[in-house]
Amino acid sequence: MFLRDNVMHNLAASSAQTLTLKLSSDDLCIEKLSQLEDILYANPCIQKLGFNLSQIKVLGNEFFEWLGQIAKYKDISVYSLDAENMVLFYLMDYSKFVSLFLNEKDFLRNKHILVKRRLRICR
């Protein structure tokens, strides 16, 4: 229920079309993600959605699958990623439909989008 309260608080505090959420590791379970998806369906005015992943150390396959589904109908952005998770976004080609930003300020201004870099395996 905490995630639902967090979303409703952020909806009231932000502009009608943009929502930012700071997710924790507990929020990445499938039950809470489906709860969040229901809230997003119920609020069609939310067009731009930003996730602060600064507290997340490991991203699971469930989160990436869920993110792919949400990105079909919402403008999704992710910011405050650690280096390992950022590489996952690039390697799995999720950076094609999810914008990556360094921080919340860049996300809200829609400036300084992180671009895909060529990744090479070093021996």
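This is a predicted model: local features need pLDDT of at least 70, side-chain atom pairs count only at pLDDT 80 or more; totals for chains, interfaces and linings use all residues.
Residues are numbered from 1 along each chain as its sequence is written, and side-chain values use heavy atoms, with hydrogens and water left out.

The protein has five helices and four strands, and from the N terminus on these elements run α-β-α-β-α-β-α-β-α; helices (H or I, at least four residues) and strands (E, at least two) are DSSP runs numbered from the N terminus. Of the contacts with a separation of 6 or more, 68% join residues 24 or more positions apart, where contact means heavy atoms within 4.5 Å. The accessible surface comes to about 7,500 Å², with 53% of that belonging to carbon and sulfur atoms, as computed by the Shrake-Rupley method with a 1.4 Å probe, only the protein chains shown counting as cover for residues. Of the 123 residues, 41% are buried, that is, under 20% relative accessible area, with exposed being over 50% and partly exposed in between (1.4 Å probe, protein chains only).

In soluble globular proteins, nonpolar side chains tend to be buried together. Here the largest nonpolar core has 28 residues, and those with the most contacts inside it are Phe51, Leu53, Phe63 and Phe89; such a core is a set of buried Ala, Val, Leu, Ile, Met, Phe, Trp, Tyr and Cys residues joined through side-chain atoms within 4.5 Å. Among the elements giving two or more residues to this core are strand 1 (18-22), helix 2 (30-42) and helix 4 (83-91), but helix 3 gives the most, with five residues. Leaving out residues up to four places away in sequence, Phe63 touches Leu23, Leu28, Leu33, Leu53 and Phe89.

Asn52 belongs to strand 2 (residues 48-52), and it counts as buried because its relative accessibility is 11%. A polar atom of the Asn52 side chain lies 2.9 Å from the backbone nitrogen of Ser54. Beyond its neighbours within four places in sequence, Asn52 is in contact with Leu21, Lys22, Leu23, Tyr79 and Ser80.

Together with Val87 and Leu91, Met92 makes a nonpolar surface patch of about 250 Å². Patches are made of residues with over 30% relative accessible area and no salt bridge, like charges being joined within 9 Å and nonpolar side chains (Val, Leu, Ile, Met, Phe, Trp, Tyr) within 5 Å; a salt bridge is a side-chain nitrogen of Lys or Arg within 4 Å of a carboxyl oxygen of Asp or Glu.

How values were computed. A polar contact is a pair of N or O atoms within 3.5 Å; within protein, one must be able to donate a hydrogen and the other to accept it, and residues adjacent in sequence count only if both atoms are side-chain atoms.
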